[in-house]
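Colleague: I am new to this structure and would like to learn how to read it. Could we take one feature at a time?

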Amino acid sequence: MQKNDIRLDFLIAIGLVIFVVTFFAGCGTKAKSESLKADSKIAVNNPGTSSSDKSGNDKVLPNGALIDFKENSPADTVKVFYQRLHEKKFRDAIALTNLRPAIEGLNDSELSELGVDFGFLAQSVPEKLPINGEIISGDKATVTIKMQDEEDESIKVQEIKLRKEKDFWVVLVADDEGEKRAKKEGKNYFFALRMDVHHDEAKAMLERITKAQMIYQMQNNGRFADLQTLVEKGFVPKDALGSITTGYKYDIALKEDNTLYTALATPAKYGKTGKLSFAYKVTREKKPEFIEKDFNGKTLQN
């Protein structure tokens, strides 16, 4: 479990990763791909201003786009959205999306707490965005972005959906269910999502620790190790020693000459990074026991 994996899970849950991580950090992973021929099927906002040279190759405009577009148009909104993400202006960026109700109530301190997670977005967004198409149909629009895959040099085309609200276009980064949840939970939305992800990650980390203990035990005459030792041996990732990226504090309580142990996971900030406390107990009397409980942020008894 690497720190980027945790942030990635959080961003996937939010929905922003659909456009950023999957496409830009991967324009090279599993993004939707199409050939250059697909361009002929994309209706641009103003066909007469599509930028190409006589050979038919795309010419990048000063703002990184492949077509001209009007101010406050869907394409312009997408450009500004990504520009703000790139500049780490997360409040301003998310305000342009259908997750706006979830960002409006956050104060600067709360937004700063989410900065570690959102920061992964900024690293993935290019300074200039190669927008190559825009389709407008009433109050709905689709903007397309085209980039070349670094691995196989194929062309990737990503569609971004928008809808018009009054005189403004809104980038749709969450599905209907996610949008409803954002409206209902407001400022708690991002923290609730992050806690859900951290709960799953805490369970995964404890599972990683138990597997590491099994290996260590076989190599050390039936004795288990503390967390620092498992990390130094490379059996457990370094993230387990801190809570900045994981949202949880981990520990291993050794007993009876290191022949028994309890692996523990406790929220670093109760109600912000997690609510559940976890424990995996290895005893002589019975099979290993896994416990999870809302213990008000306290460590479960070992």
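Colleague: Where is G186 found?

Modeller: This is a predicted model. In it, G186 sits in the loop between α8 (176-185) and α9 (189-219). G186 comes after α8 and has a positive phi, near 55 degrees.

Colleague: Is G186 buried or exposed?

Modeller: Buried means under 20% relative accessible area. G186 has a relative accessible area of 14%, so it counts as buried.

Colleague: Which residues is G186 in contact with, leaving aside its neighbours within four places in sequence?

Modeller: They are P101, A102 and R181. As for L99, it is 87 residues from G186 along the chain, while their C-alpha atoms are separated by 9.0 Å.

Colleague: What about nonpolar cores?

Modeller: In soluble globular proteins, nonpolar side chains tend to be buried together. Here the largest nonpolar core has 34 residues, and V78, Y82, L99, I131, L162 and F190 touch the most other members. Elements that each supply at least two residues of this core include α5 (100-104), β3 (155-165) and α9. The largest share, five residues, comes from α3. Another core, of 21 residues, lies apart from it, and A212, F224, V236 and A265 are among its members.

Notes:
Residues are numbered from 1 along each chain as its sequence is written. This is a predicted model: local features need pLDDT of at least 70, side-chain atom pairs count only at pLDDT 80 or more; totals for chains, interfaces and linings use all residues. Side-chain values use heavy atoms; hydrogens and water are left out. Helices (H or I, at least four residues) and strands (E, at least two) are DSSP runs, numbered from the N terminus. Buried means under 20% relative accessible area, exposed over 50%, partly exposed in between (1.4 Å probe, protein chains only). Contact means heavy atoms within 4.5 Å. A nonpolar core is a set of buried Ala, Val, Leu, Ile, Met, Phe, Trp, Tyr and Cys residues joined through side-chain atoms within 4.5 Å.
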